[in-house]
Amino acid sequence: MTPWSTLLALAGDATGSWLAQLKNLATHPWVVNLVAMAVILGANAAFFAVITLLERKGLGRIQNRPGPNRAGPFGILQPAADGIKMITKEDIVPERADQLVHFLAPLVMLAPITLALAVLPYGPQLVAVNLDAGVLFFFAIGTAGELAAFMAGWSSRNKYSLLGAMRAIAQMISFELPLVLSTLVVIMMTGSMSLVEIVAGQGSAAWGLPGWNIFTPWGLAGFLIFLTAAAAESNRSPFDLPEGESEIIGGFMTEYSGFKYAVFFMAEYFGMFAVSGLGITLFLGGWHAPFPFLEWVPGIFWYVAKLVALVFGFIWIRGTLPRLRADQLMNFSWKFLMPLALLNFATAILWHATAGWQFPGAWLCRWLVCFGIVAGAFTGLGRAMLRRRQVGPRIYRYAS
Amino acid sequence: MPGFGIIKGLKETARNFFGSYHDPGRFVTIQYPEEKREHHENYRSFPFLVYDGDPVKGLRCVSCKICEKECPPQCIYIVPEQDGSGKLLKFPRIFDIDVSVCMGCQICVEVCPFDSIKMDQEFEVSTADRFGGLILNRSKLAKSNEYYHQIRPAEATAVDAQLAAERERQQAKAAAAKSPAPAAAATREKKP
Ligand code: SF4
Ligand code: SF4
């Protein structure tokens with residue numbers, strides 16, 4: 001149905017009472033979708049504003065500074081001030097840039113991420129689009145971000161932009177693999193690609209622990225791999241090479257200013273919310289309360305609480321770790337995360353195969369065995385990666 | 001085990017995060033306009049003119065223009081006062097320093113034979129008027145000797161002592177010139 005036919009139908013329905021019309025209108029799929037879109041965009045934009053302030057405050061505290069505290073009491077008006085600043089700034093497009101692509105890149109960055117946000121279940125009834133292959137859709141649409149980064153870098157006609165774009169492409173493609181592999185375990189164990197069903201599968205509590213996937217060894221390992229890869233996917237520190245302010249100015253965003261820069265910035269945060277939301281859905285039980293007696297609290301509350309916790313974790317990590325070097329980044333992805341994610345499969349299979357064990361303490365036994373496999377792989381791979389190729393002092397033939 | 005370094009780092013940053021809330025001593029920054037850092041006595045920003053007593057008549061400057069000539073970026077402009085007959089007086093009518101050009105080198109202070117120009121410690125000189133607002137004229141430059149004592153106690157005391165000694169010497173000389181034969185003074189004057 002197109003909007004036109006909606007309008008025609010509404011006009012034709014003039015005989016009905018005004019209220020009935022309103023009800024018709026309110027339940028029309030177009031209107032419902034529009035409202036859902038507006039709510040998702042508005043809520044995320046508001047959350048984005050709050051998080052930028054909290055991030056700056058938190059980073060400040062981590063560095064023993066008070067953080068922004070000038071705009072309004074405790075700096076709570078800082079996001080508004082930032083927004084006004086961004087909007088009123090001059091929007092400069094380089095003369096030799098590819099004008100159209102340069103203009104489109106921020107939009108191409110933001111649009112798919114908002115689409116990805118639409119498939120996440122925020123509460124028992126709160127899911128904008130319930131797709132059968134929600135996970136697949138999420139990743140398929142999420143990869144458009146790579147295209148946008150390259151569009152921005154290439155069209156700017158600037159070496160820093162291009163370098164940033166190259167880094168972005170290399171990094172995002174490398175980390176896409178561990179990201180998807182770590183989610184595949186969940187899909188395998190749940191037997192569904194629908195995000196709604198994955199959440200539903202984590203509802204039952206056992207042993208006083210919630211039935212979230214993170215409380216299984218494969219879930220724990222998967223979650224950690226997912227979190228690391230998600231940080232890299234959303235260009236968060238310590239994987240912020242594509243921006244790398246201290247090396248390549250602003251990466252693919254170097255030639256952007258004003259509102260377009262703000263859109264990039266927003267897309268980056270939306271991306272972080274989206275992958276965090278996926279992580280919550282896959283591993284942290286989605287909107288489920290941690291304990292059965294807390295079920296009366298609405299699901300959206302638990303979702304937001306978990307999201308804030310995850311985002312805060314990202315901020316904490318950003319305040320702690322220095323940026324990786326490009327070769328370290330690649331090694332980390334291909335030589336560490338990838339094999340670990342593959343091994344996690346074996347753990348999941350073992351966990352599944354031993355589900356029938358009945359003797360007392362079977363659960364603990366399974367847990368320990370599976371955890372041992374993952375932890376052993378973690379240690380071994382980590383040791384192998386950290387081993388130095390070259391021992392002893394380096395010899396310079398000419399310099400010394 | 002690899003990865004534990006990260007946990008150590010996270011612990012450290014968490015300690016900073018919570019510590020900065022209950023222990024303000026951890027703060028490495030100061031809230032600038034409200035609190036200011038104490039600066040060293042030798043800290044200097046731009047020059048000012050010292051006066052004793054009256055802000056206009058008490059200026060020590062005799063308008064000798066040495067500083068004007070020596071100033072490397074040439075940012076001092078002096079016009080001496082004249083009396084009715086056009087004779088130059090030992091007093092500046094105009095004394096301007098363009099602080100947008102001044103580089104704070106303190107050379108004017110070094111060369112002034114009368115200890116009349118000294119370096120200030122005032123650094124908040126920003127202004128919305130970048131031409132007129134950054135040219136300090138005589139009345140803006142004039143600051144009392146008490147102020148000088150306040151910002152640089154040691155140096156100002158030394159300068160005061162030196163000036164007092166000089167004055168005493170002058171007085172002694174004047175007294176000596178008055179009482180004995182004026183011939184001694186006359187012979188000295190003849191020397192080239
Ligand atoms: S401090 Fe240096 S630059 Fe400034 S007025 Fe004195 S001599 Fe000139
Ligand atoms: S400030 Fe000192 S050097 Fe400059 S004109 Fe006055 S007396 Fe001469």
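Let's start with the shell around ligand 2: ten nonpolar residues, two polar and one charged. Here nonpolar means Ala, Val, Leu, Ile, Met, Phe, Trp, Tyr, Cys and Pro; charged means Asp, Glu, Lys and Arg; the others, Gly among them, are polar. That shell has 13 residues. The closest are B:C61, B:C64, B:C67, B:C112 and B:S116. A residue counts as near a molecule if one of its heavy atoms lies within 4 Å of it.

A word on ground rules. This is a predicted model, where local features need pLDDT of at least 70, side-chain atom pairs count only at pLDDT 80 or more, and totals for chains, interfaces and linings use all residues. Residues are numbered from 1 along each chain as its sequence is written, chains are lettered from A and ligands numbered from 1 in the order in which they are written, and side-chain values use heavy atoms, with hydrogens and water left out.

Now ligand 1. It is surrounded by 14 residues, and B:C71, B:C102, B:C105, B:Q106 and B:C108 are the closest. By class, that shell has twelve nonpolar residues, two polar and no charged.

Next, the sheet in chain B. Three strands make an open sheet, in the order 2-3-5, with antiparallel pairing. Strand 2 and strand 5 are the edges, each pairing on one side only. Strands here are DSSP runs of E, at least two residues, and helices are runs of H or I, at least four, both numbered from the N terminus. Two strands pair if DSSP finds at least two bridges between them.

Take strand 2, residues 76–82, and strand 3, residues 88–98, of chain B: six bridges join them. B:Y77 has B:D96 as its bridge partner. B:Q82 stands opposite B:L88. The hairpin of these strands has five residues between them, and B:G86 takes a positive phi near 90°. On to strand 5, residues 135–136, of chain B, which pairs with strand 3 over two bridges. There, B:I135 stands opposite B:D98.

So where do the two chains meet? Chain B gives 19 residues to the contact and chain A gives 21. Contact means heavy atoms within 4.5 Å. About 1700 Å² is buried between the chains, 65% of it on carbon and sulfur atoms. Buried area is the accessible area (1.4 Å probe) that two parts lose on being put together, summed over both.

How many salt bridges lie between chain B and chain A? One. The side chains of B:E34 and A:R70 form it, at 3.0 Å, N to O. The rule is a side-chain nitrogen of Lys or Arg within 4 Å of a carboxyl oxygen of Asp or Glu.

Over all chains, the structure holds 18 salt bridges. One pairs A:D82 with A:R56, with the closest N and O atoms 2.9 Å apart. A:D82 lies in helix 4 and A:R56 in helix 3 of chain A, so the pair ties together parts 26 residues apart in sequence.
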